[in-house]
Amino acid sequence: MFFADFGAPMKTLFQPDYLYSAGRVQAGAGLLVDDQGKIVRVVPSEEFNRSSISTDTEVVALRGKALLPGFVNVHSHAFQRLVRGRTESRRTGGPDFWSWRAAMYHAAASLSPEQMYHVARVAFLEMALAGTTTVGEFHYVHRTPEGKPYPDANAMAHPIVSAAESVGIRICLLRAAYRRAGYGLPPDPGQSRFLESTEEFLANVSELHRQYHSSNAWVGVAPHSVRAVPMDAIEPIAAWAREHHSPLHMHVSEQPAEITACQSEYGATPVRLLAQHGLLDHRFTAVHAIHLDREEMDLLAENTANICACPTTERNLGDGIFPARAVMERGIPVAFGSDSQAQIEPLEDARELEYHLRLQHRQRSVLDGIDGQELSARLLRCATVNGANALGCDAGEMQPGQLADFFTADMNDVSIVGWGIEDLLSTIVFGMRTAAVTDVCVGGKFTVRDHHHPQQQEILRQYQEVARKVWSTPQLASK
Ligand SMILES: [Zn+2]
């Protein structure tokens, strides 16, 4: 991506001490990557001698490191990075989700496209430094602070894609539709930048799709929720997704109030409603899906839909506990998102999925052994392969033909030192801090090398200025 590639050889062989592929840790294996940034194959250790490595191959030794697939962050609202730490008292954040939302609306209220660029860059930088190689950005701030369309209706989307490109992370821009405050609710001034008619939305997302359709940046659609988008608008958006083979994401059943309102309006819960209208399929991802009954889980499973859990955000907002065991027993693929950016730590999301259940059931290893799958491998799969599938990205399994997106972990980092080969994966999944991530490669090119991102200082400085400005303006009155 941003690292120049002058006169590079045809192939690169990355040679770590350990490599995770096909569900197991292999000692001494290497990863052969072609000049298009795709995996040629995993090379077993016994093949490593001079005669078997051709002259058109550059060998990159990664001594003392383990190589793992890059994380996929399926659900991000980059601008909400501004809210981190600003709502952690009842005085500033109130007691629940709805009062937190008022602070979030304040962050969204005044951002210019340029400021959006700087905020997105800091969020994506933190993801990259944590080993994330792809992000799904659920983007709904479209209009000017006055609620008018920009001359280019995607003026707030372009800086987000540019931010991802400048940091070196793949992006699926999930352009979100937002039509109303909610069933029977009066307009909320905090939402004026989000609103578009269905016709405007479809024209704008089509234009965005025309501009971004590569493996580095592509487009999906996201009716915000059944609360914010009525059914007669969700249907044409879902039809657009089908026609363009694009991902279709929605917030679903995050809050009990959303379910009650949906039942009042349609006489059905959100998942039943979406199933009745034939909108659940393998391209559909339900974000959160916390408050599900068993029949709703069956519907998601039967229709091969995905779920994106956001455990670090859900615990921060007090949303509830995601019923991971019941969902996984039905074979529904679960991926992860950093959502509100309360934290950006992919493995913390993975652990929390399990830890919330331990506290709830007063048991250990609750998600272990479902379908015979070991717990750590399952959680890593959620953070990688399942995320890639939910975004329509061919990565995560370290298989031939897939994108060469990976990170390395320092085997001597204080958080994992003392590992044994049998327990290496669980030591990483349950113990590794993000600071142990040493290198990150996207398409076989380093975006982070030896903990260093070349633009880090500039990104932090620009972001600091934006944050200061946003929080020095008076808070918007909004409920
Ligand atoms: Zn969200």
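Which residues are exposed on the other side of α5? They include Glu199 and Arg210. The model is predicted, and the sections below describe its geometry.

## Helix α5

Helix α5 covers residues 198-211, a run of 14 residues. From its first C-alpha to its last it reaches 20 Å, close to the 20 Å expected at 1.5 Å a residue. Its buried residues are Phe201, Val205 and Leu208. Viewed down the helix axis, the buried residues of α5 fall within an arc of 55 degrees, so they line one face of the helix. An α-helix has 3.6 residues a turn, so residues three or four places apart point the same way.

The cover over the buried residues of α5 includes strand β8 (170-177), strand β9 (217-223) and helix α6 (231-244). Glu199 and Arg210, by contrast, are exposed on the other side of the helix.

## Overall dimensions

The chain contains 16 helices and 16 strands. Its C-alpha atoms fill a box of roughly 70 × 50 × 45 Å along the principal axes. For 479 residues, a compact globule would have a radius of gyration near 23 Å, and the 22 Å of the chain agrees with this.

Buried residues account for 52% of the 479 residues. Of the contacts between residues at least 6 apart in sequence, 76% join residues at least 24 apart.

## Domains and their contact

There are two parts to the domain division: domain 1 (11-69 + 396-456) and domain 2 (71-391). Their C-alpha centres lie 29 Å apart. Across the boundary, 21 residues of domain 1 are in contact with 25 residues of domain 2. On the domain 1 side, α15 (424-431), β15 (437-442) and β16 (445-448) each supply at least two of the residues that touch domain 2. Helix α15 gives the most to that side, with 4 residues.

## The largest nonpolar core

The largest nonpolar core has 150 residues, and the members that touch the most others are Val119, Phe124, Ala164, Leu173 and Ala409. Helix α3 (residues 113-129) gives the most to this core, contributing 11 residues. Both domain 1 and domain 2 are represented, each with at least three residues.

Ala164 shows the local detail. Leaving aside neighbours within four places in sequence, Ala164 is in contact with Phe124, Val135, Ile169, Ile171 and Ala217.

## Helix α2

Helix α2 (residues 97-109) has 13 residues, which at 1.5 Å a residue should span 18 Å; its end C-alpha atoms are 18 Å apart, in agreement. The buried residues of α2 are Trp100, Arg101, Ala103, Met104, Tyr105, His106, Ala107 and Ala108. Among the elements that cover them are helices α1 (90-93), α10 (311-317) and α16 (456-472).

Leu391 is placed in helix α14 (residues 385-391). Why does Leu391 count as buried? It has 28 other C-beta atoms within 10 Å, and the cut-off for burial is 20 or more. Leu391 and Val72 are 319 residues apart in sequence, but their C-alpha atoms are 8.8 Å apart in space.

Tyr178 sits in the loop between β8 and α5. Tyr178 counts as buried because it has 23 C-beta neighbours inside 10 Å. His142 is 36 residues from Tyr178 in sequence and 9.8 Å from it in space, C-alpha to C-alpha. Not counting residues up to four places away in sequence, Tyr178 touches Tyr140, Gln191, Phe194, Leu195, His224, Ala228 and Val229.

## Positive phi angles

Most residues other than glycine have a negative phi. Asp339 has a positive phi, near 50 degrees. Asp339 lies in the loop between β13 (334-336) and α12 (346-361), and with 29 C-beta neighbours inside 10 Å it counts as buried.

Met398 also has a positive phi, near 55 degrees. The loop that holds Met398 runs between α14 and β14 (406-410). Met398 has 25 C-beta neighbours inside 10 Å and therefore counts as buried.

Conventions:
Residues are numbered from 1 along each chain as its sequence is written. This is a predicted model: local features need pLDDT of at least 70, side-chain atom pairs count only at pLDDT 80 or more; totals for chains, interfaces and linings use all residues. A nonpolar core is a set of buried Ala, Val, Leu, Ile, Met, Phe, Trp, Tyr and Cys residues joined through C-beta atoms within 7 Å. A residue is buried if 20 or more other C-beta atoms lie within 10 Å of its own, exposed if 12 or fewer, and partly exposed in between; C-beta atoms are placed from the backbone. Domain bounds come from an automatic or database domain assignment. Two residues are in contact if their C-beta atoms, placed from the backbone, lie within 7 Å. The radius of gyration is taken over C-alpha atoms; the globule rule is 2.2 Å times the number of residues to the power 0.38. The expected span of a helix is 1.5 Å times one less than its number of residues. The arc is that of the directions from the helix axis to the C-beta atoms.
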